[in-house]
Amino acid sequence: MVWLLFGYFAAVSIVAGVLTVTLRNPVHCALALLTVLLHVAGLFVLLNAEFLFAVQIIVYAGAILVLYLFVLMLLNLKSEEQYFHRHYLFLVFAGIGILGELLLLLWQSPYRGVRGTASPKVVLETGPSHAVGLTMFSDYLLLFEIVGVFLLGAIIGAIVLAKTPTAADVKAE
Amino acid sequence: MDAPTSMIPLAAYVTVSAILFMTGLVGVLVRRNFIIVLMCVEIMLNAANINLVAFSHYLESMAGQLAALFVIAIAAGEAAVGLAIIIVVFRTKIATNVDQINILKW
């Protein structure tokens, strides 16, 4: 059963990822990307990461993708005849070669490491979200605050960049 | 590595993640449209997230999940700033495709 779910989520996310790269119409690409994000969220559930599953759907599928769709609608892009790079076949074959090499290395790896304290049994007793919250507000508190400041900077930067130029700005140039 | 709760080995997740990452990387290199290049970067970030969460599960530590959360936050900032830059480039009619922005190329 778990294998079935894993196979479904993995296969659909990979196929939708390839579709995101190959479809011509940008809106279709955005919808394929939405499929990738939702199925990666499914993989998170299989890994006992409920909180990340919720964050993935709310933040990625709900906020970031809507932002992409807004910009796509706003700019009204034409889907062009030549939407791939000139030498795309060379790049695709290079990509497949690197992927093969990567998988060869990964499958030979023994995957050893130091076990932490959050074993699945302990985590499932109190709930995964509880465990994430405890770690975030104790060990990772400083990082959490830094990410808040970073997001503030990103918001200000985006507003300043995308501001509609007024008559005074144009005259100053 | 033996699986503690589920039967799926860690290598399966790492394989999915590697394939998704390579798809995104090829997409960044191959596509000419600005916005789709950014979408392919999102695919790459998602592939990295799968890796982080899988290792977090199999090594029984919360660190991977927290790192994945921060990756999502950074991705949100990256999307906002990247799309703002794209809007500016479109508005000033510099280009509509990535390979047309080559003023800095010598």
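This is a predicted model: local features need pLDDT of at least 70, side-chain atom pairs count only at pLDDT 80 or more; totals for chains, interfaces and linings use all residues.
Me: Let us start with chain B. How many helices and strands does chain B have?
Reply: Chain B has three helices and zero strands. Read from the N terminus, its elements follow the order α-α-α.

Me: What percentage of chain B is buried?
Reply: Of the 106 residues in chain B, 46% are buried.

Me: And the contacts within chain B, what share of those with a separation of 6 or more comes from residues 24 or more positions apart?
Reply: That share is 44%.

Me: Turning to the interface, how many residues of chain A are in contact with chain B?
Reply: On the side of chain A there are 70 residues, and they are in contact with 62 residues of chain B.

Me: Which helices of chain A supply at least two residues each to that side?
Reply: They are α1, α2 (26-46), α3 (50-75), α4 (88-108), α6 (128-136) and α7 (141-162) of chain A.

Me: Which one gives the largest share?
Reply: That is α3(A), with eleven residues of the side of chain A that touches chain B.

Me: What is the make-up of that side by class?
Reply: The side of chain A that touches chain B has 58 nonpolar, eleven polar and one charged residues.

Me: I would like one helix pair in detail. At what angle do α1 of chain A and α2 of chain B pack?
Reply: Helix α1 (residues 2-22) of chain A packs against helix α2 (residues 34-58) of chain B at an angle of about 160 degrees, and their axes are 10 Å apart.

Me: Parallel or antiparallel, then?
Reply: Roughly antiparallel, because the angle between α1(A) and α2(B) is about 160 degrees and angles over 145 degrees count as such. The crossing of α1(A) past α2(B) is left-handed.

Me: Which residues make the contact?
Reply: From α1(A) they are Gly17(A), Thr20(A) and Val21(A), and from α2(B) they are Met39(B), Cys40(B) and Ile43(B). By class, this contact of α1(A) with α2(B) comprises four nonpolar, two polar and no charged residues.

Me: Now the domains. Where do they lie in chain A?
Reply: Chain A is divided into domain 1, covering 1-79, and domain 2, covering 118-165. Their C-alpha centres lie 21 Å apart.

Me: How many residues does each domain bring to the contact between them?
Reply: Domain 1 of chain A contributes four residues and domain 2 of chain A contributes five residues. On the side of domain 1 that touches domain 2, the residues divide into two nonpolar, one polar and one charged.

Notes
Residues are numbered from 1 along each chain as its sequence is written. Chains are lettered from A and ligands numbered from 1 in the order in which they are written. Domain bounds come from an automatic or database domain assignment. Two residues are in contact if their C-beta atoms, placed from the backbone, lie within 7 Å. Ala, Val, Leu, Ile, Met, Phe, Trp, Tyr, Cys and Pro count as nonpolar, Asp, Glu, Lys and Arg as charged, and the others, Gly among them, as polar. Axes are lines fitted to C-alpha atoms, for helices over the stretch in contact, and angles run from 0 to 180 degrees between N-to-C directions. Helices (H or I, at least four residues) and strands (E, at least two) are DSSP runs, numbered from the N terminus. Angles under 35 degrees count as roughly parallel, over 145 as roughly antiparallel, 65 to 115 as roughly perpendicular and the rest as oblique. A crossing is left-handed if the near helix is turned anticlockwise from the far one by less than a right angle, and right-handed if clockwise. A residue is buried if 20 or more other C-beta atoms lie within 10 Å of its own, exposed if 12 or fewer, and partly exposed in between; C-beta atoms are placed from the backbone.
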